[in-house]
Amino acid sequence: MSAGKVAEVIVEVGGVGLQKPLHYRIPATLDDEISIGCKVLVPLGKRKVSGFVVGFTDTCEVKEPKEILRLFDDGQVFSGEQLRIARWISSYYLSPPQRTLQCIAHPKLHRTNPPKVKYYYINFSSEDLDKVMGTLGRAAKQAAVVYAAAHTPGLTKKQLSEQSGASYQVIDSLVNKELLKFTEKTMERKPFSEFNKMNNLPQLSEEQTAAVAQIKTSMENGLHKVFLLHGVTGSGKTEVYLRSIAHALSLGRGAIVLVPEISLTPQMIKFFKERYGDKVAVLHSRMSHGERYDQWERISRGDSPVVLGARSAIFAPIRDPGIIIVDEEHEFSYKQNETPRYHARAVALFRAHLNKGVTILGTATPSLESYCRSLKGGQYCLLDMKNRIDNRPMPDITVVDMRREFKSGNNGIFSSQLFQAVKTRMEKQEQAILFLNRRGFHTFIVCRECGLVMKCPNCDISLTYHVHGKLRCHYCGYSQLAPGLCPECHSQHINYLGTGTQKVEEEAAELFPEARILRMDSDTTGRKGAHQRILDSFSAREADILIGTQMIAKGLNLPGVTLVGIVSADMGLNMPDFRASERTFQLITQVSGRAGRGDIPGEVIIQTYNPDHYAIEAAAMGDYPGFFKTEMQIRKQLQYPPYTKMARLVFSSREETKATELAETAFGALNGYLEDMNKLMAVGPAPAPLARVRGNYRLHVVLWSTDESYLREAVKKASSAVQKKGTGKSTRFSIDIDPYNMM
Ligand code: ADP
Ligand code: ZN
Ligand code: ZN
């Protein structure tokens with residue numbers, strides 16, 4: 001008997017453990033059908049489990065491998081290239097291979113085929129129409145359906161029902177009577193309206209021309225190269241992307257463009273559709289599963305060689321991507337916050353390298369990681385665009401010291417400068433944006449007698465006061481009515497502190513009674529399309545002031561806006577996160593960038609209690625290199641990334657002792673590695689800054705080292721100690737390499 005071919009299969013079971021593929025014999029009946037990327041059913045102990053074929057082997061360690069039971073009818077769910085990407089992610093981020101494969105696989109894995117639509121016809125010769133109508137006699141509804149179907153062949157059920165006034169049941173009964181028949185066709189869901197092709201391309205600015213020329217040359221060489229496109233807000237980075245993509249297409253190659261989810265607005269989609277029509281596929285999380293499926297199919301078939309999408313679009317089955325663009329490369333949302341905790345920029349770099357393609361990282365505020373690689377002797381090529389299109393001036397930025405405002409007797413939200421500036425805009429009928437990175441009304445409720453802060457019962461976080469007396473937890477969504485008395489000491493002296501967007505809205509309405517005000521935060525954009533409706537309304541000048549959270553910071557091009565007020569620049573500054581200053585600098589710069597994008601120059605007013613903070617000073621001066629220099633010195637002193645590599649282990653459980661035990665087990669396993677303080681630094685096990693979320697206690701261990709492989713080795717050691725001990729049902733353990741979420 002021949003041994004038969006043996007397949008390597010990653011089975012879809014198991015927790016966090018790093019898994020090796022298992023060996024299964026391929027039955028002769030499936031010999032021709034099984035290839036890498038297929039999904040199969042295999043026996044595992046007494047169970048039957050699904051798994052992915054990731055390779056074949058001749059040297060099988062098992063003497064008599066079991067046989068693959070069957071092949072799922074999805075066919076291939078990932079390609080050889082995608083498998084290589086998954087392997088890289090699993091080894092870099094130490095994520096279980098089955099979880100990584102599930103993440104990159106074709107969406108058909110997760111459900112449904114595209115919908116089939118039925119088209120109805122009469123099931124008799126049209127010459128017999130009168131006769132048939134006669135037999136229907138008094139069944140008027142049935143007659144109406146038959147009549148409609150005879151006159152307009154090929155209606156859908158919905159159309160047929162609308163035209164005849166009959167219900168779906170009547171239509172079905174006619175099918176049963178064999179008076180109607182239908183054909184079924186799959187229909188591609190079109191999530192986008194049609195766009196007209198744009199024929200007149202804008203003339204590139206000098207800086208754009210220079211950037212595009214370098215990118216083109218590099219593409220012609222067919223070597224992997226990374227460009228950091230550092231362009232101030234309004235310098236026209238999108239146009240550089242579009243021209244570079246056109247060049248990739250002309251070379252017969254594909255393109256991937258990643259944008260943060262929040263900037264994947266219809267406006268952005270329109271830009272790409274106008275240029276490339278159906279050649280662009282779009283992927284984002286608000287799409288239905290079916291829409292996503294169709295886009296994925298288009299890409300697989302090669303019909304759409306360009307994909308525009310959020311984070312996970314980096315896995316799209318584009319063939320031979322010659323260019324991969326990461327717009328707003330500094331955005332933290334490119335990092336996935338669940339296993340596999342990959343960073344889309346890192347995957348983009350790997351994938352471009354694999355395909356000998358070009359990567360463009362575009363931003364007005366580069367991440368420290370990327371910028372230091374683009375300096376002299378670094379691996380990236382820096383493309384600078386220092387001027388706005390048409391030489392529009394950068395906005396004029398003023399920093400207001402809120403401590404002085406307070407001393408001079410103003411304890412409102414608006415400093416006198418901001419008040420004046422808004423007032424002037426209203427008089428001149430220009431628009432203003434007010435930015436505050438906190439939604440709700442008040443952010444704290446404190447009892448003045450006993451000091452109690454109202455907290456969420458499930459999370460270690462204070463409740464936020466919203467209008468109508470509602471208290472809400474911004475982590476788990478818990479809500480209750482605000483108490484009239486302190487629940488602890490029954491005092492009446494309850495203080496409401498801190499400011500949210502709702503409060504800003506209320507004060508603005510009082511100060512500027514004539515102004516039309518819109519608010520955009522996750523409380524006002526819950527419904528599908530609400531986000532866009534608010535923006536459309538604001539850009540149609542149906543409102544004068546837009547108040548919002550970071551949702552309004554990104555990518556918006558609103559020419560009517562001549563004033564941006566940053567209500568409080570300090571909010572992110574005190575976060576327990578080594579990137580707090582970087583985040584603050586980025587946010588101020590991005591928000592400021594929304595001002596003066598039209599013909600009238602813009603003005604920005606930054607309100608702060610820390611006017612001397614280097615991140616705020618540098619942002620106000622538009623001095624990225626200055627900020628970079630100071631921040632790098634601090635990172636170096638503290639040995640933080642990008643000088644080192646960091647890993648974070650999080651342990652969580654409903655039972656505090658379980659989480660603690662597990663964290664201690666992991667930390668204990670690190671003992672040998674921690675002896676040399678210079679090689680591996682660690683803090684923990686300690687309660688995470690968010691010590692409790694949704695009723696789960698959370699602890700973490702943070703590790704960092706200049707030696708990446710040493711760090712990874714240590715993490716693996718800790719991980720296997722945790723595996724050995726077993727996490728138990730209610731306890732969770734996660735590994736985060738290059739963490740961005742330190743909470
Ligand atoms: P950035 O992303 O760098 O902030 P955008 O790509 O949004 O800037 O471009 C800013 C504005 O300038 C957009 O309205 C864009 O259509 C326009 N624009 C870009 N390039 C040109 C050009 N070469 N000529 C005229 N307008 C341009
Ligand atoms: Zn009290
Ligand atoms: Zn909560």
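In helix 11 of this predicted model, the residues Ala344, Arg345, Ala346, Val347, Ala348, Leu349, Phe350, Arg351 and Ala352 are buried. The helix is thus described as mostly covered, with nine of its eleven residues buried. These buried residues pack against elements from several parts of the sequence, namely helix 1 (80-93), strand 9 (225-231), strand 10 (254-258), strand 13 (321-327), strand 14 (358-363) and helix 12 (368-374). Helix 11 is followed by lysine 356, whose phi is positive, near 50°.

Confidence in the prediction was considered for the whole chain and for its elements. The protein chain averages a pLDDT of 88, and 95% of the residues score at least 70. Among the elements, helix 11 (residues 344-354) has the highest mean pLDDT, 98, whereas strand 5 (residues 70-76) has the lowest, 80. Where pLDDT is low, the predicted coordinates should not be read in detail.

Attention was then given to the second largest pocket, which has a volume of about 990 Å³. This pocket is lined by 40 residues, and those lying nearest its centre are Gly236, Lys237, Thr238, Asn557 and Arg597. By class, the lining comprises eleven nonpolar, 16 polar and 13 charged residues. At least two lining residues are supplied by each of helix 7 (206-221), helix 8 (237-250) and helix 9 (266-276).

Note on methods:
Residues numbered from 1 in each chain as written. Chains lettered and ligands numbered in written order. Predicted model: local features only at pLDDT ≥ 70, side-chain atom pairs only at ≥ 80, totals over all residues. Heavy atoms only, no water. pLDDT = per-residue confidence, 0-100. Helix = DSSP H or I, 4+ residues; strand = E, 2+ residues; numbered from the N terminus. 1 Å grid on protein atoms, 1.4 Å probe; cavity = no way out; pocket = protein on both sides within 12 Å on 5 of 7 lines; lining within 4 Å. Points joined across faces, edges and corners; volume = space filled by probe spheres on them. Nonpolar A, V, L, I, M, F, W, Y, C, P; charged D, E, K, R; others polar. Buried < 20%, exposed > 50% of the residue type's maximum accessible area, 1.4 Å probe, protein only. Contact = heavy atoms within 4.5 Å.
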